[in-house]
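Here is a friendly walk through one chain, written for someone who likes to see the cut-offs beside the values. Please keep the viewer open as you read.

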Amino acid sequence: MTEKIEIIIEALLFAAGDEVKAENIAEVTGISLREVSGVMNRMMDRYNKEPRGIMIRRIDDAYQLCTRKEYYEDIKSYFEPRHMSYLSNPAMEALAIVAYNQPITRAQIESIRGVNCDSVITRLLDKRMICEVGRSDAPGRPALFGTTPEFLRALGFSSLDELPQITSEEKEE
């Protein structure tokens with residue numbers, strides 16, 4: 001039965017093409033969240049031990065089937081050339097502010113940066129690095145922003161817990 005569940009999970013992850021939450025895996029397979037965790041850990045271990053071009057990656061409380069980064073150079077020529085537009089320094093600053101202070105409003109980001117952030121926030125939203133996660137109770141009910149799974153993927157993190165720690169001296173700068 002475990003082998004069939006693993007096959008179903010593999011098919012689900014492949015068909016989804018994006019991350020699939022553990023609760024959705026449990027719903028599809030009919031097993032508990034605890035069992036999902038155990039099955040996924042076994043599958044990730046096996047994928048890591050066997051010579052494969054793919055891997056299963058945990059992203060917060062979800063999983064995704066991904067190409068191993070060590071094969072990027074070997075396969076990149078197959079895909080159409082994409083113009084990689086890097087984030088500007090102001091965008092990186094704003095992204096770091098969101099990552100370390102989420103949920104956070106536009107006004108709070110601007111207060112920390114000391115400049116208007118409309119275009120920077122729009123660019124981060126367009127690139128799916130941040131998203132609206134709710135509304136503040138403050139007057140006008142401004143949007144609250146947080147990072148996305150795309151942010152974690154782009155930086156190679158499984159969760160926000162992997163962000164480098166900031167010392168109190170760095171916060172004061």
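**Ground rules**

This is a predicted model, in which local features need pLDDT of at least 70 and side-chain atom pairs count only at pLDDT 80 or more, while totals for chains, interfaces and linings use all residues. Residues are numbered from 1 along each chain as its sequence is written, and side-chain values use heavy atoms, with hydrogens and water left out.

**The whole chain**

The chain has nine helices and six strands; helices (H or I, at least four residues) and strands (E, at least two) are DSSP runs, numbered from the N terminus. Taken along the principal axes, the C-alpha atoms fill a box of roughly 55 × 40 × 30 Å. Of the 173 residues, 32% count as buried. Here buried means under 20% relative accessible area, exposed over 50%, and partly exposed in between (1.4 Å probe, protein chains only). Contact means heavy atoms within 4.5 Å. Among contacts between residues at least 6 apart in sequence, 45% join residues at least 24 apart.

In soluble globular proteins, nonpolar side chains tend to be buried together. A nonpolar core is taken here as a set of buried Ala, Val, Leu, Ile, Met, Phe, Trp, Tyr and Cys residues joined through side-chain atoms within 4.5 Å. Which residues have the most contacts inside the largest nonpolar core? They are Leu95, Ile109, Leu124, Ile130 and Phe151, in a core of 22 residues. Helix 5 (89-101), helix 7 (118-126), strand 6 (143-147) and helix 8 (149-155) are the elements that give two or more residues to this core. Helix 5 supplies the largest share, six residues. Isoleucine 109 is in contact with Ala94, Ile97, Val98, Ile104, Cys117 and Ile121, leaving aside its neighbours within four places in sequence. There is also a second, separate core of 17 residues, which includes Ile9, Val20, Val36 and Met44.

**Two helix pairs**

The table sets out the geometry of two packed pairs. Axes are lines fitted to C-alpha atoms, for helices over the stretch in contact, and angles run from 0 to 180 degrees between N-to-C directions.

| Pair | Angle | Axis separation |
|---|---|---|
| Helix 1 (residues 2-16) and helix 2 (residues 22-29) | about 125° | 10 Å apart |
| Helix 5 and helix 6 (residues 106-113) | roughly 120° | within 10 Å |

Angles under 35 degrees count as roughly parallel, over 145 as roughly antiparallel, 65 to 115 as roughly perpendicular and the rest as oblique. Helix 1 and helix 2 are therefore oblique to each other, and helix 5 is oblique to helix 6. Helix 1 passes helix 2 in a right-handed crossing, and helix 5 passes helix 6 in a right-handed crossing too. A crossing is left-handed if the near helix is turned anticlockwise from the far one by less than a right angle, and right-handed if clockwise.

For residue classes, Ala, Val, Leu, Ile, Met, Phe, Trp, Tyr, Cys and Pro count as nonpolar, Asp, Glu, Lys and Arg as charged, and the others, Gly among them, as polar. In helix 1, Ile5, Ile8, Ile9, Leu12 and Leu13 meet Ile25, Val28 and Thr29 of helix 2. By class, that contact has seven nonpolar, one polar and no charged residues. In helix 5, Pro90, Glu93, Ala94, Ile97, Val98 and Asn101 meet Ile109, Ile112 and Arg113 of helix 6. The residues of this contact divide into six nonpolar, one polar and two charged.

**Single residues**

Is threonine 147 buried or exposed? At 13% relative accessibility, threonine 147 counts as buried. This residue of strand 6 touches, among others, Leu95, Val98, Ile130 and Leu160, not counting residues up to four places away in sequence.

Proline 164, in the loop between helix 8 and helix 9 (168-172), counts as partly exposed at 49% relative accessibility. Proline 164 and tyrosine 100 are 64 residues apart along the chain, with their C-alpha atoms separated by 9.7 Å.

**Backbone details**

Most residues other than glycine have a negative phi, and most peptide bonds are trans. The peptide bond from glutamine 102 to proline 103 is cis, with omega near -5°. Phi is positive at arginine 128, near 60°, and at arginine 141, near 45°. Arginine 141 is found in the loop between strand 5 and strand 6.
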